[in-house]
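Me: Can you walk me through this one? Here it is.
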Amino acid sequence: MYLWQQELFCLKWFINVCSLVFVRKIAKNALDFLGYSNLFLALAVFCSTFQGRFIFKHVNDSAISFSVLNFVAAFFLYNLQRIYQSSLPTTDSRLLWYCKNKKWIFTLAILLGVLLFQPLWYIVVDYKEGILVYCVCAILSVFYFLPPLNFRKTPYMKQFYIAFIWVIVCIVIPFMFDESFFLGLKVFYKDEILYVISQFCFIAALCIPFDIRDFNKDKEEGTRSVPVMIGIKNAKWFSISLLFIYFI
């Protein structure tokens, strides 16, 4: 009986270990997909847009609508950038992962397009004045990484370019509407302007740690980001200064 209990204990231990390894593997794959597929970044864009409705009540409907549009647009545009980057010779682990998992990302993109087609169409119709500005931002986003312009390689411009596009699509365009009525820039008073400035500084500050992470890669590619131009230590202080302005 004692031997039987010992064997049963070993069997349970083996099953628990296998289950733990299996769960860890699933969790790692899920987190890799969330990060490397740009799904997490699309969710961040969604939340950045959605938070406007809690601060300024007049943008309730427009903030919700553009949250959905921004989520889909961010997912598509950032993956378009990954497609371009992965087509070039690379040793970057993120891009190598992307090459192996393209089919799953494309499947998710198609599902998003099919499931959200009707609400996206209504958003385009209801907010057509803002969509014109939105399309200009989409074109600028494409030229952020595509030659011949490739704005990301312009000295000091990388994080400010991202922050500029981010606040335009997540804040400025939704704020141009009172519910679904287009008011343009008439609704931008002191509080709205300060909110735009604070979010611009916040996003620009968050970009710098990622540029520090990509320091060697950017240096090899000729991307003159802030850490490459002024050094990592000074870039950290610069990021802290932007955050200080944001908190003020």
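Reply: First a convention: helices (H or I, at least four residues) and strands (E, at least two) are DSSP runs, numbered from the N terminus. This is a predicted model, where local features need pLDDT of at least 70, side-chain atom pairs count only at pLDDT 80 or more, and totals for chains, interfaces and linings use all residues. Residues are numbered from 1 along each chain as its sequence is written, and side-chain values use heavy atoms, with hydrogens and water left out.

Me: Where is Asn38 found?
Reply: Asn38 sits in the loop between helix H1 (2-36) and helix H2 (39-50). Its phi is positive, about 75°, although Asn38 is not a glycine.

Me: Is Asn38 buried or exposed?
Reply: Asn38 counts as buried, at 3% relative accessibility. Buried means under 20% relative accessible area, exposed over 50%, and partly exposed in between (1.4 Å probe, protein chains only).

Me: And what is the phi of Tyr156?
Reply: Near 65°, again a positive value in a residue other than glycine. Tyr156 lies in the loop between helix H8 (128-142) and helix H9 (158-175), and is partly exposed with a relative accessible area of 38%.

Me: Changing topic, how many helices and strands does the chain have?
Reply: The chain has 13 helices and two strands. Its radius of gyration is 22 Å, well over the 18 Å that the globule rule gives for 248 residues, so the chain is more spread out than a compact globule. That radius is taken over C-alpha atoms, and the rule is 2.2 Å times the number of residues to the power 0.38.

Me: What does the C-alpha trace span?
Reply: About 85 × 45 × 40 Å along the principal axes of the chain. Buried residues make up 38% of the 248 residues.
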